[in-house]
Amino acid sequence: MLSGADMIVRFLQDEGIEYIYGYPGGAVLHIYDALFRQNKVKHILVRHEQAAAHMADGYARATGKPGVVLVTSGPGATNTVTGIATAYMDSIPMVVLCGQVPSTLIGEDAFQETDMMGVSRPVVKHNLSVRDPSEIPVVLKKAFYLASTGRPGPVVVDIPKDMTTPNERYEYVYPKKVKMRSYSPPTRGHAGQIRKAVDMMLAAKRPIIYAGGGIVLGHASKELVDLSHQLNFPVTTTLMGIGGFPADDKHSLGWLGMHGSYESNMAMHHSDLIVAVGARFDDRVTNATEKFCPGAKIIHVDIDPASISKTVQVDVPIVGPAVSVLRDMIAFVKEDNSRPDKEALSSWWKQINEWRAYHGGRYRTDDSEMLKPQQVIEMLCKITGGNAYVTTDVGQHQMFTAQYYRFNKPNRWINSGGLGTMGFGLPAAMGVKLSFPEEEVVCVTGEGSIQMNIQELSTCKQFNLPIKIINLNNRSLGMVRQWQDMNYEARHSQSYMESLPDFMALAEAYGHVGITIRKPEELEEGLRKAFAMKDRLVFVDIYVDPHEHVYPMQVARGAMKDMWLSKTERV
């Protein structure tokens with residue numbers, strides 16, 4: 001017989017939850033008292049509730065398991081909304097436990113009352129409310145089941161304070177399974193559709209596999225590599241799919257879209273068959289949909305039927321998990337013992353390699369005394385061997401990291417893709433480091449983004465999280481400034497940071513180590529010094545060229561082949 005608060009904690013234990021991230025307040029104090037009386041579930045006290053959501057998000061992206069957040073009612077709950085929306089846009093499993101005023105006061109504008117069910121509804125996979133303490137185990141089981149199955153996503157659970165009263169006790173039984181009549185995610189793709197897709201793949205002359213975040217979330221990287229090698233097909237990934245296919249694999253074209261590689265965008269535009277797996281054809285990939293890949297037939301594999309033909313009409317839809325559909329495709333290919341037209345593929349690869357040679361990620365250093373951000377990321381990749389868990393915030397530094405860090409493993413690239421949330425990188429790195437304390441965890445950020453959740457340096461000190469922060473300091477909101485350069489005749493309205501802290505001193509004020517790098521000749525030594533301090537958080541403030549742009553960059557409202565390759569070169 002347990003109180004509602006004790007049920008919540010016991011359920012988390014039974015569910016195998018090791019960490020929850022949160023901040024206490026009046027509506028959840030019964031739950032916090034229950035947490036105090038046990039030691040299996042560890043609570044990480046953040047300094048702002050948004051950071052709790054991002055920590056849970058980072059944990060989920062790196063482990064594949066749902067992250068768990070606990071916050072109080074009103075402002076505590078609303079502070080998590082940006083983090084919830086971040087997870088929702090990228091299909092990240094998360095359960096957010098929100099306190100609520102007592103059920104008898106709901107609707108009376110009580111102190112710290114907010115309709116969190118209504119507030120969160122547009123940015124959650126589902127939300128649930130506890131109406132009776134006895135139903136807590138089933139409600140929580142539903143929340144975790146919904147968050148982690150099908151197309152994953154965040155689930156909010158609203159818990160009125162009187163549902164957790166200590167002196168009211170109920171029978172507790174951990175529900176090992178839960179069934180929801182209206183929710184039945186697919187476990188396999190349609191065999192007939194898969195057969196049809198394979199026939200199209202074997203007949204293609206200029207095929208390309210377009211892999212999204214569903215490859216990473218669906219643990220289908222091995223199968224993707226196998227299919228690509230079986231058929232000798234090139235592979236491009238979305239920003240969210242980075243690492244789902246090894247960057248160093250000879251079949252890899254890198255990632256595609258607005259700042260994707262020249263060869264990947266050109267190959268997509270000129271292909272005759274696109275095999276899209278776990279991707280949603282978002283606007284940062286397609287550019288103008290009416291000009292998107294005009295000569296291509298499209299096969300679309302996705303676990304969410306609502307994503308198929310949502311923005312781009314496809315020819316062969318397949319609803320199912322990426323891993324099982326790819327396995328079935330591989331089985332059909334082996335069963336047929338046939339391969340695509342070897343001569344046509346050879347000609348296709350020749351063209352792709354010419355595109356690759358033409359650009360190849362080039363950038364100019366101009367013999368400048370200013371560091372280029374690309375140089376920093378290349379050196380970071382060299383020093384970490386390409387094996388670090390890398391989180392980013394949002395902006396130019398995010399794009400440079402995606403372009404120049406070579407990710408060969410899934411779940412190592414941790415970024416806010418869909419929502420583009422500044423302030424995500426630091427708390428996300430913290431969530432990763434807690435789960436992988438022996439791994440190198442790096443947050444690449446900019447001076448604009450890092451200040452949005454910089455208070456979490458205090459949490460890092462309390463819980464001894466020795467991450468490495470690489471701050472590409474260009475004294476401006478770099479991506480905003482780039483757009484202003486290109487579209488507003490360099491009218492830099494509010495994009496320059498006229499007053500910045502001494503980040504080295506600020507890091508030291510929080511009890512960490514600060515390093516400043518200003519010149520190219522200081523880069524390698526400075527980074528090696530930072531990474532040699534295994535048990536310390538090191539904030540590396542690196543001054544980079546404030547005038548550098550991210551290229552390639554798609555021409556707005558153009559086709560995928562329409563790109564700027566530099567400030568003066570357009571194709």
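I started with Thr391 and looked up its bridge partner in strand 16, which is Ile414. Strands here are DSSP runs of E with at least two residues, and helices are runs of H or I with at least four residues, both numbered from the N terminus.

A note to myself on the source: this is a predicted model, where local features need pLDDT of at least 70, side-chain atom pairs count only at pLDDT 80 or more, and totals for chains, interfaces and linings use all residues. Residues are numbered from 1 along each chain as its sequence is written, and side-chain values use heavy atoms, leaving out hydrogens and water.

Next I checked the neighbours of strand 15. It runs parallel to strand 16 (residues 413–414), joined by 2 bridges; two strands pair if DSSP finds at least two bridges between them. Strand 17 (residues 441–446) is also parallel to strand 15, with 4 bridges, and there I found Val444 opposite Thr392.

Then I followed the chain: strand 15, helix 16 (residues 396–404) and strand 16 form a right-handed β-α-β unit. Right-handed means that, with the strands pointing away from the viewer, the path from the first strand over the helix to the second runs clockwise.

Is strand 15 covered or open on its faces? Both faces are covered, with Tyr389 and Thr391 buried on one side and Val390 and Thr392 on the other. Buried means under 20% relative accessible area, exposed over 50%, partly exposed in between (1.4 Å probe, protein chains only).

Last, I searched the whole structure for disulfides (cysteine sulfur pairs within 2.5 Å) and got 0. Cys443 has its nearest cysteine sulfur, that of Cys460, 9.3 Å away. Cys443 is buried, because its relative accessible area is 0%.
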